[in-house]
Amino acid sequence: MACSTTLLTTGAPFQPQRIRGAWQHPFPIDRRVWAHTVRNDWSSDEESAWIRVAKFSLYNQLFLSDLLHLFASRDTSSKPEALDLRCASTVSLTRMGRVLQVSPETLVAGFCVEAPMPVLSRANQHLRFCAKCMESGFHSALFQWDFVGQCPIHKTQLIVGCPACQTPIPYFLDSKLAAKPLQCTACSLRLVPNLHNPAGW
Ligand SMILES: [Zn+2]
Ligand SMILES: [Zn+2]
């Protein structure tokens, strides 16, 4: 499966610094010289936009501004804003599909709705998940609907909030997701421990 590697192709000396818990380049980077790490073998066509973005954020350790630059449907360079990952119209499906190497048709199925509509009020703004699915690195947009009580695969009750400290996890592409992808933003519990292992699965 496709797996591209992050490359820096400028002639500048590379002296990474540890910033916000991740090794990052110490001076501004021209985004045009970057390729991004994509691990399609760690994804499935049925997974939600939230977990696609969270995995991508984990692999690439980008700032929120970089993630918004890549995915937002609107120019957010002057005013970074959180993207509601329940609704596909907040992102550019074409650009996101190109970066994640997934078709726009597959991507859109990972959102609750394509555009804002009244029924969206019944989709939770905090992550709802099946603990067993999450442990294996899977989350479905179906789980966000408040009227869906159980995981159809495991028949277990869907939960909201960190299993350790109960803090709700926002269902947005925001600074918390950029800083702590696939983690509780309060206690740092890792939701998919295997994906934090550098060796992968
Ligand atoms: Zn499940
Ligand atoms: Zn927690």
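Which residues does L62 touch, not counting residues up to four places away in sequence? They are S57, L67 and A178, where a contact means C-beta atoms, placed from the backbone, within 7 Å. This is a predicted model: local features need pLDDT of at least 70, side-chain atom pairs count only at pLDDT 80 or more, and totals for chains, interfaces and linings use all residues. Residues are numbered from 1 along each chain as its sequence is written, while chains are lettered from A and ligands numbered from 1 in the order in which they are written.

**Overall chain**
- The protein chain has six helices and six strands; these are DSSP runs numbered from the N terminus (helices H or I, at least four residues; strands E, at least two).
- Their order along the sequence is β-β-α-α-β-α-α-β-α-β-β-α.
- Of the 201 residues, 32% count as buried, that is, with 20 or more other C-beta atoms within 10 Å of their own; exposed means 12 or fewer, and partly exposed lies in between.
- Among contacts with a separation of 6 or more, 59% join residues 24 or more positions apart.

**L62**
- L62 sits in the loop between α1 and α2.
- L62 counts as buried because it has 20 C-beta neighbours inside 10 Å.

**Helix α3**
- Helix α3 spans residues 93-100, and its buried residues are L93, M96 and L100.
- They fall within an arc of 70° seen down the axis, so they line one face of α3; the arc is taken over directions from the helix axis to the C-beta atoms.
- These buried residues pack against α1 (49-60), α2 (64-71) and α4 (104-108).
- Exposed T94 and R98 lie on the face turned away from the buried side.
- Just after α3, Q101 takes a positive phi of about 60°.

Methods
Two residues are in contact if their C-beta atoms, placed from the backbone, lie within 7 Å.
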